[in-house]
Amino acid sequence: MKTILAALALLSPALAAAQVATPAPATVAGAKPITIERITVHSPAVEGNLEGNSADRPVLVLLPPSYRTSPNRRYPVVYALHGYSIGADQWAREIHVPQTIEAAFAKGAREMIVAMPDTKTMHNGSFYSRSATVGDFENFIARDLVGYVDSHYRTVADRRSRGLAGHSMGGYGTTRIGMLHPDTFGALYIMSPCCLMTRALGVTDAAQEKIFRAMTSPADSEKLNWGQRAQLATAAAWSPNPKAPPLYLDLPIRDGVPQPDVLARWSANTSGCDVRSACRRPAPLPRDRPRRR
């Protein structure tokens with residue numbers, strides 16, 4: 001896995017500046033083109049979520065220069081997780097894919113496959129968590145996506161040849177998924193992770209609560225600003241409530257009063273997602289979860 005980390009280190013100057021305008025990388029002499037495939041991966045883990053997020057997830061698969069010409073060769077895989085409010089395509093543009101990856105290979109990084117899944121949701125981000133409201137995006141990455149890539153591409157299907165990387169919300173997802181699934185991923189590359197403490201997520205005040213409680217469906221969040229949508233995305237991921245339509249979530253405030261039980265659920269999903277915390281074994285969901293129409 002050292003070679004995977006070395007390749008990620010070559011990519012890191014561009015990755016660290018993701019979600020902002022970044023200068024194009026310098027051209028590297030002799031860089032060979034990679035192949036970009038746009039695929040859709042169906043995720044049983046995301047099926048049936050109450051927000052109506054699609055279980056058919058777009059994924060960019062970046063194949064190294066020798067993939068087509070060396071049919072007997074197998075490759076390690078790095079799974080790269082984007083941040084909040086953007087998808088895989090936007091992140092790829094911001095970090096200048098394919099030029100950045102082609103340059104890394106030209107500079108001597110070992111060839112590998114890079115998979116960039118899109119996990120954008122109704123409220124602009126899944127937080128790579130398990131939620132009846134949003135869907136189980138943790139296992140979309142760790143189980144469904146890995147299984148698909150291993151069965152459709154020539155991978156080295158072993159944890160020692162799988163890396164997980166991410167920036168911002170994707171850095172949080174890398175922390176969470178990597179710690180909870182060490183049998184799947186052998187190397188982590190975490191960049192500016194968000195959400196490792198609850199106070200960094202902001203506070204829902206009475207005015208915001210009034211706006212949220214006036215919503216008639218999750219789709220109404222399209223009218224909200226970035227921060228408001230981020231608050232809803234957090235609640236949908238970490239304090240889902242199948243008995244609380246139309247948003248199917250619990251806010252950390254009710255009638256202007258903070259809700260310690262909800263904040264405790266949020267806290268269980270932060271703090272680095274310690275494998276001893278509740279993010280490993282979340283409270284069971286009610287059996288009478290309503291079916292989404």
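Contact here means heavy atoms within 4.5 Å, and the structure to which this is applied below is a predicted model.

**Exercise 1. Describe how helix α6 packs against helix α7, and determine which residues form the contact.**

Step 1. Two packed helices are described by the angle between their axes and the distance between the axes. For α6, which covers residues 206–213, and α7, which covers residues 226–238, the angle is about 70° and the axes are 12 Å apart.

Step 2. Angles of 65 to 115 degrees count as roughly perpendicular, and therefore α6 is roughly perpendicular to α7.

Step 3. On the α6 side the contact is made by Q208, I211 and F212, which meet Q228, Q231 and L232 of α7. Sorted by class, the residues in this contact comprise 3 nonpolar, 3 polar and no charged ones.

**Exercise 2. Work out which residues of α6 are buried and which are exposed, and how the buried ones are arranged around the helix axis.**

Step 1. Begin with the start of the helix, where D205 caps the N-terminal end of α6 through a side-chain oxygen that lies 3.2 Å from the backbone nitrogen of A207.

Step 2. The buried residues in α6 are Q208, E209 and F212. Viewed down the axis of α6, the buried residues fall within an arc of 105°, so they line one face of the helix.

Step 3. An α-helix has 3.6 residues a turn, so residues three or four places apart point the same way.

Step 4. A207 and K210 are exposed on the other side of α6, while the cover over its buried residues includes α7 and β9.

**Exercise 3. Locate G227 and decide whether this residue is buried, partly exposed or exposed.**

Step 1. G227 belongs to helix α7.

Step 2. Buried means under 20% relative accessible area and exposed means over 50%; G227, with a relative accessible area of 32%, is therefore partly exposed.

Step 3. Along the chain G227 and T204 are 23 residues apart, and their C-alpha atoms are separated by 10.0 Å.

**Exercise 4. Find the backbone features at P98, P246, N124 and S192, and place each of these residues in its loop.**

Step 1. Most residues other than glycine have a negative phi, and most peptide bonds are trans.

Step 2. The peptide bond from V97 to P98 is cis, with omega near 15°, and P98 sits in the loop between α2 (88–94) and α3 (99–106). The bond from P245 to P246 is also cis, with omega near 5°, and P246 is part of the loop between α7 and β9 (253–254).

Step 3. N124, although not a glycine, has a positive phi of about 85°, and its place is the loop between β4 (113–117) and β5 (130–131). S192 is likewise not a glycine and has a positive phi of about 45°; this residue lies in the loop between β8 (187–191) and α6.

How values were computed:
Residues are numbered from 1 along each chain as its sequence is written. This is a predicted model: local features need pLDDT of at least 70, side-chain atom pairs count only at pLDDT 80 or more; totals for chains, interfaces and linings use all residues. Side-chain values use heavy atoms; hydrogens and water are left out. Axes are lines fitted to C-alpha atoms, for helices over the stretch in contact, and angles run from 0 to 180 degrees between N-to-C directions. Helices (H or I, at least four residues) and strands (E, at least two) are DSSP runs, numbered from the N terminus. Angles under 35 degrees count as roughly parallel, over 145 as roughly antiparallel, 65 to 115 as roughly perpendicular and the rest as oblique. Ala, Val, Leu, Ile, Met, Phe, Trp, Tyr, Cys and Pro count as nonpolar, Asp, Glu, Lys and Arg as charged, and the others, Gly among them, as polar. Buried means under 20% relative accessible area, exposed over 50%, partly exposed in between (1.4 Å probe, protein chains only). The arc is that of the directions from the helix axis to the C-beta atoms. A polar contact is a pair of N or O atoms within 3.5 Å; within protein, one must be able to donate a hydrogen and the other to accept it, and residues adjacent in sequence count only if both atoms are side-chain atoms.
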